[in-house]
Amino acid sequence: MFVIKVGGSQGIDYDAFVRDLAQYRDYVLVHGGSSPLEEIATKLGKPPVFITSVSGFTSRYTDRETLEIFNMVYAGKMNKMLVEKLQQVGVNAIGLTGMDGRILEGRQKEALKIIENGRKKILRGDLSGIIERVNTPLLRLLLDHGYTPVLTPPAISYEGVAINVDGDRCAAQIAVALRAERLVILSNVPGLLRNPQDFHSLIERIARDQIEEFIQTYARGSMKKKLLSAKEALDGGVKEVLLGGARGEAPLTKTLQGMGTRIL
Ligand code: ADP
């Protein structure tokens with residue numbers, strides 16, 4: 001059993017990814033959609049706004065309108081694109097958001113402590129949150145009947161409000177809840193790089209107790225969240241987390257064979 005997250009940044013070859021995935025069984029797929037979201041939201045006159053927390057993590061500011069556009073792109077365009085491609089290669093995929101059947105449940109963040117122009121500030125009204133519960137029986141029910149869950153944020157709050165959550169962290173939580181052996185996170189880079197501009201500067205192996213140090217030293221932007229997710233997964237009992245690239249043929253197989261960054 002494994003959980004695989006595929007990102008949504010430019011350069012990912014979804015056809016090659018799905019062809020490769022078709023050879024595997026017993027997994028849950030989580031996906032992103034950041035690049036199409038940025039493109040479509042900008043066309044709609046609502047470009048994404050990013051905020052930086054006091055602890056240095058970047059995330060999208062999600063008001064109601066942003067959340068609706070987010071749903072259009074993640075749950076509409078990206079989720080159904082992957083379901084369609086998987087169906088074409090014989091995988092009985094079923095696409096759901098974390099809201100459906102309360103698959104991903106959590107609490108809305110009341111107020112965010114952010115840094116804006118070098119100053120600390122409290123931000124309210126952000127529809128984002130933290131996942132605290134995974135509806136494991138529902139995922140098991142689907143898997144046991146031969147369906148492959150294809151999942152995307154948003155999650156749902158205890159009050160029934162959609163909350164945006166980070167895709168990598170969703171995947172980590174799901175991996176923990178399903179007691180998956182592995183979590184694989186594929187993006188448009190081959191793994192954690194010493195220099196993000198140089199694909200040859202791959203860091204092949206990270207021990208669990210080095211994660212913090214690697215977050216501080218090498219990871220920028222959303223790569224920080226991938227390492228944080230890896231830490232959460234390992235702390236929750238997942239045996240290894242693999243970060244790999246999805247630009248070419250057989251991205252999952254190559255990553256499982258050790259072509260990316262292995263965290264254990
Ligand atoms: P996804 O959309 O797949 O979740 P992102 O595109 O948000 O993923 O995250 C991957 C990005 O992280 C890369 O495209 C890269 O620009 C950036 N990044 C920052 N620091 C690093 C690093 N040290 N190594 C690799 N990528 C990094």
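1. Let's start with the residues around the largest cavity: by class, its lining has four nonpolar residues, one polar and two charged. Keep in mind while reading that this is a predicted model. The residues in question are L37, A41, K46, P48, R60, T66 and I69. Two elements, α2 (34–43) and α3 (64–88), each give two or more residues to that lining. As for volume, the largest cavity comes to about 40 Å³. The count of cavities of 30 Å³ or more is one.

2. Now to the ligand. There are 18 residues around the ligand, and S9, N188, L193, S222 and K226 come nearest. If you sort this shell by class, you get seven nonpolar residues, eight polar ones and three charged ones. So much for the head count; the contacts come next.

3. Taken on its own, the ligand has 570 Å² of accessible area, and the protein covers 83% of that.

4. Next, have a look at the second largest pocket, which holds about 260 Å³ of space. Its lining is made up of 16 residues, and P190, G245, A246, K254 and M259 are the ones that lie nearest the centre. Which elements supply at least two residues each to this lining? They are β15 (240–245) and α8 (251–256). Of the elements, α8 gives the most, with three residues. By class, the lining of this pocket splits into six nonpolar, seven polar and three charged residues.

5. On to the aromatic rings. The model has four aromatic pairs. One of them joins F2 and Y24: the ring centres are 5.9 Å apart, the planes make an angle of 85°, and the pair is edge-to-face. F2 belongs to strand β1 (residues 2–6), while Y24 is in the loop between α1 (14–21) and β2 (27–31), so this pair ties together parts that are 22 residues apart in sequence.

6. What is the phi of D26 near? The angle is near 60°, which is a positive value in a residue other than glycine.

7. Is the peptide bond from P153 to P154 cis or trans? The bond is cis, and its omega is near 5°. As for where this falls in the fold, P154 is found in the loop between β10 (148–152) and β11 (155–157).

8. Then go to α8, which gives three residues to the lining of the second largest pocket. Finish at P154, where the peptide bond from P153 is cis.

Note on methods:
Residues are numbered from 1 along each chain as its sequence is written. This is a predicted model: local features need pLDDT of at least 70, side-chain atom pairs count only at pLDDT 80 or more; totals for chains, interfaces and linings use all residues. Side-chain values use heavy atoms; hydrogens and water are left out. On a 1 Å grid over the protein atoms alone, a cavity is a set of points where a 1.4 Å probe fits but cannot get out, and a pocket is an open set with protein on both sides within 12 Å along at least five of seven lines; lining residues have an atom within 4 Å of a point. Grid points are joined across faces, edges and corners, and a volume is the space filled by probe spheres set on the points. Helices (H or I, at least four residues) and strands (E, at least two) are DSSP runs, numbered from the N terminus. Ala, Val, Leu, Ile, Met, Phe, Trp, Tyr, Cys and Pro count as nonpolar, Asp, Glu, Lys and Arg as charged, and the others, Gly among them, as polar. A residue is near a molecule or strand if one of its heavy atoms lies within 4 Å of it. Accessible areas come from the Shrake-Rupley method with a 1.4 Å probe; for residues, only the protein chains shown count as cover. Rings of Phe, Tyr and Trp (its six-membered ring) pair if their centres lie within 6.5 Å; planes under 30 degrees apart count as stacked, over 60 as edge-to-face and the rest as tilted.
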